[in-house]
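Here is a short briefing to read alongside the model.

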Amino acid sequence: MSKKRKKPKRKRTQAKRLPAKSAESAKSTNRVKADLTFVVSEDNFGFTSASIMSYRECSPSAIVRELIQNSMDAVTEIGVKEAQVRFVLSTWKTADIPGIASYKEAFRRSVEFRKKENNGKQLPDQEQMIVQHIKSALEKKQLDVLMVYDNGIGLNEKTMEALLSDGASKKNDGASGAFGNGHFTVFPVSDLRYVLYGAIHKEKRIASGHAILASHQKDNNDQVRRSPNGYYSIGYEGGKHVYPKNEQIHPTIAQALEQIKDHGTVIMVPAFNKFGEESPLQDAIEKATACSFFAAIHKRHLQVTIADERRDTPGDGAQDDAKPPTSVNADSLPGIVEKFKDKKRDKGFLPGSKAFTAYQCLRKGEHHDVDLPDGEKVTVFLQTEGVTKTRVNLCRNDMWVTNSDRRLPHFQNSFAEQQPFEALILVDATQTKSFHDLIRKAEGPLHNELNLKGMDSKDREKLKTAFKMLKEWFQKQVPKVTDDHYTPEDFLPIVDNRPGGKTGSRHEPDMAYNNILEPWGSNRSGQASASGNSATPDKPVDGKGQNSAKKDSGAHSTSAKPLRNHFRITARPADPASGEMRMSITSLKASDNNLLYLCLDEHIDATTDHIWKEQFAAIIGASIDDVAVPKEDILSGTRPGIKLGNLEKDQTIRVELRYRPETTDLPPPSFRVRVQRQKRHRWSHGGVHIMTQTKAGANDIYLPPYPTISEGNDAFPEGVYQARARKRNEGKKDHYKLVLDHELRGARLITNMINKGKAVYACRVSSPNAAFCDLQCSAEPSQTVTWKPENLAQSPFFTPMIVCTEEHRLVLNHANHDTHPDLDDVPVIIPKGARLAWYSVMRMKNPGMYGLLELRRDDNLKPGQFRVHISSDGDFKFIVYCHPELLRFVKSPGEKQDRRRDILTHMVTACFAKLQRDYRKDEGEDSEGGWNYRELDELSKELKQKGYCDWQDDDFCPELAATTLHPHTVPEQDRDDEWTGTSEAAWCSRLFRISE
């Protein structure tokens, strides 16, 4: 009996030596194994859990925002200045997932129970889709896992319980989140719907997990239901789960915690489905991070790293070798925002295009501290220069929340009288606590809107009052625009090429930069922007309103769209005696099946003449990175060249070419190196598979035997040359005039030549149709350029450049000349007349353009009404009198641009109807007589160029004429852009997110 008494005594003694554990019983020891626990529950839920289904359509923006926001809150609590968040994509063996055996059993029981509840019938389609995803994941030997690390305060038992509870938020008042159930946002990106957590808090480690399946019974004899929510724990006591700590933590989670230094949290998402999208994980996270947290990153309060650590291993889920991580920080942010500036849609969140303008406002806008109630001040950045649409963005704790497009209180249609502006309101909990707390209360669960309906009435009025004060401040700060009259530049524009013709601008004589010139033509040598940013001109159209392939007297096609060079090339001057050329090629983006051609270039500018039969240098030998190119990769025939193969982003290769020189008594020739991709197409004919090849994406890079600044030429790595135009009208009737401001930097060789008088700024004025060309030079960077309209047969072309005025011989040195180090010790001869730098070829944008349509205010009209009057006193013009609200809308339509176009087209129809009735030429009247208005002559020509008749024709139809010049825009059908262009597998992987 004594032995029986000693054993319980030893157990009690051993229990006393254990550390006190508030949530564990005395029986729990380090040997207790954690597992996935589904507790008893009377509720009956299927696989379409409300907790998840409310977030089923969340975009990557919503998920990434929630993860980063939680990390920033955790960092704020511990007082760390910069939140460091890491998204790591890895792989786990399915068998190594904590609690996987219990998960599989619970899943099997859930399916059985759901079928039983459904009278043995097949599950509904939506549940069946979820079940199929889970089955597919469990059948794999290894799975992709997304792990998200932060350097925050970590978690303890109390905060872990709050995290896993539905809505029981434990966040402090200054936190970004407010609802506390945002962790459900992450579940849809796990095909298992299983999320694991690990954390280090005050040197103590803790772990947990949450899986969501369906209600089920533990076994056939079980008479009670089990909850669909399974928690990874070591027990369930006193209504709470007991989470594993320290040595009790599963090795898989413990290994992840080794990546955390002192404190922080890791969230693990097994069976990660890449947000159900085909786009790379890096792009999805970069875009979501930059668009939502640009303010935090700009202030260096946040840094996000994205890493793909999956490796090529046997079995399911094999991936490529690990790729180097990328970082979204204050230094890389400008490039990332630029990368996504053409993305115009992100349902419910800030798209890339609007994030770009908001970020520019943060960088370039004026800083203001605006008064609010209770003596608080809020930070506002305001920008008016270059802004075309009014938008006010609201950020709380450096996270974008919403903007005026999504109905900020008191902001809707409040700035129609102000000129367009971009603004950014930054609300910080440490500086503006009352206003911050009010906004936090008004936010929805995704923190991307303000909903005042659910607020307390006193708080709602306080918030409205604060926004009213902000609205009034903007109305006082931003200048008003007149409401008396308005000439839409995009409707009924008429070109008057007469000497001294009108320009239609009320702001003359000084016009803004780049208002009068626009880029022109395809991106050939001498046409691309020397600053490395090739311009994209508006495509001219032919008489039928289609993109025209018509050529102007041998010039390049005016309809060709410029192609930005995706390569940078540095080349040593060619040796005409031996026919050798060495170059270094850097690929700025990944591309496959690249070809290289070497074209002779005769300095022919695109605005004068062009040799249509291109002269290719015959390549007789080549090597890439000192490895000889096989003979089969050297192309011959009419387009000799070599195959470069596949190039990765930022990859640099060294190419040596041996070409067949035409003569040996000429100076070193100038070349254009053309690199282009070769697309392969596969199609079947009669059961036989046939491979065809097409050329795609030519990049022409001009390489003369001396260093220049031009697109793709890396002779001056930091070299930038730009030219901006502004027009001055001094009332002279015999010529036109504009001022070009040349800007040169990063090229000391060229700067020194200008200072010594060996080079000058220049501009070529030309008109191909009239065979006219005039080179005008200036020793000063501000150059006045003039021309006579009688010398031109069309709108003039301008080519800004820098020209060598006398032969210059030197030996290149990068320390003295800013040239590329690869060109050091190379002797060069710069001949007289050589172009050292040049900018995009530009064309006069509708010289003498003014609008035939003018809108004026009429207070006597009723809302929505307008009337048309024709003014023929002096110049001919259509005057449309409008109700003030209608005029205000047409001037500032906001996002309703299509509605504005429809209204203006309606007005043009009414103008043409009045024109048809009152302005017809009499029969027998002289062709130069009739209406005697040059404006109507030009309007008649424009209608005929569009393929339609004018108003004196019996078949003229006003509405058809109006929609010929200004057709209505038919809106696209509403659809989720994220679904378009995706594969069937990707489409199915997201189907379960859509409710029946």
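## Helix packing and backbone notes

Helix H15 passes helix H16 in a left-handed crossing. Please keep in mind that this is a predicted model.

**H15 and H16**

- H15 covers residues 884-891, and its axis lies 9 Å from that of H16, at an angle of about 120°.
- That angle makes H15 oblique to H16, since angles over 145 degrees would count as roughly antiparallel and those from 65 to 115 as roughly perpendicular.
- On the H15 side, the residues in the contact are Leu886, Phe889 and Val890. They meet Arg899, Arg900, Ile903, Leu904 and Met907 of H16.
- Sorted by class, this contact has six nonpolar and two charged residues, with no polar ones.

- Leaving aside residues up to four places away in sequence, alanine 910 touches Phe866 and Val868.
- Arginine 867 is 43 residues from alanine 910 along the chain, yet the C-alpha atoms of the two are separated by 8.4 Å.

**H3 and H8**

- Two packed helices are described by the angle between their axes and the distance between the axes.
- For H3 (residues 60-78) and H8 (residues 281-298), the axes come within 9 Å and cross at roughly 50°.
- H3 and H8 are therefore oblique to each other, and H3 passes H8 in a right-handed crossing.
- Which residues of H3 meet H8? They are Pro60, Ser61, Val64, Arg65, Ile68, Gln69 and Met72.
- Their partners in H8 are Ala284, Ile285, Lys287, Ala288, Thr289, Ser292, Phe293 and Ala296.
- By class, the contact of H3 with H8 has nine nonpolar, four polar and two charged residues.

**Positive phi angles**

- Most residues other than glycine have a negative phi.
- Asparagine 593 has a positive phi, near 55°, and is a residue other than glycine.
- Where is asparagine 593 found? Asparagine 593 is in strand E22, which spans residues 591-600.
- The relative accessibility of asparagine 593 is 23%, so this residue counts as partly exposed.
- Aspartate 625, also not a glycine, has a positive phi of about 55°.
- Aspartate 625 is found in the loop between strand E23 (619-624) and strand E24 (627-628).
- With a relative accessibility of 40%, aspartate 625 counts as partly exposed.

**The chain as a whole**

- The protein chain has 19 helices and 43 strands.
- How much of the chain counts as buried? Of its 996 residues, 51% do.
- Among contacts between residues at least 6 apart in sequence, 72% join residues at least 24 apart.
- The chain's accessible surface comes to about 48,800 Å², and carbon and sulfur atoms account for 46% of that area.

Note on methods
Residues are numbered from 1 along each chain as its sequence is written. This is a predicted model: local features need pLDDT of at least 70, side-chain atom pairs count only at pLDDT 80 or more; totals for chains, interfaces and linings use all residues. Side-chain values use heavy atoms; hydrogens and water are left out. Helices (H or I, at least four residues) and strands (E, at least two) are DSSP runs, numbered from the N terminus. Buried means under 20% relative accessible area, exposed over 50%, partly exposed in between (1.4 Å probe, protein chains only). Contact means heavy atoms within 4.5 Å. Accessible areas come from the Shrake-Rupley method with a 1.4 Å probe; for residues, only the protein chains shown count as cover. Axes are lines fitted to C-alpha atoms, for helices over the stretch in contact, and angles run from 0 to 180 degrees between N-to-C directions. Angles under 35 degrees count as roughly parallel, over 145 as roughly antiparallel, 65 to 115 as roughly perpendicular and the rest as oblique. A crossing is left-handed if the near helix is turned anticlockwise from the far one by less than a right angle, and right-handed if clockwise. Ala, Val, Leu, Ile, Met, Phe, Trp, Tyr, Cys and Pro count as nonpolar, Asp, Glu, Lys and Arg as charged, and the others, Gly among them, as polar.
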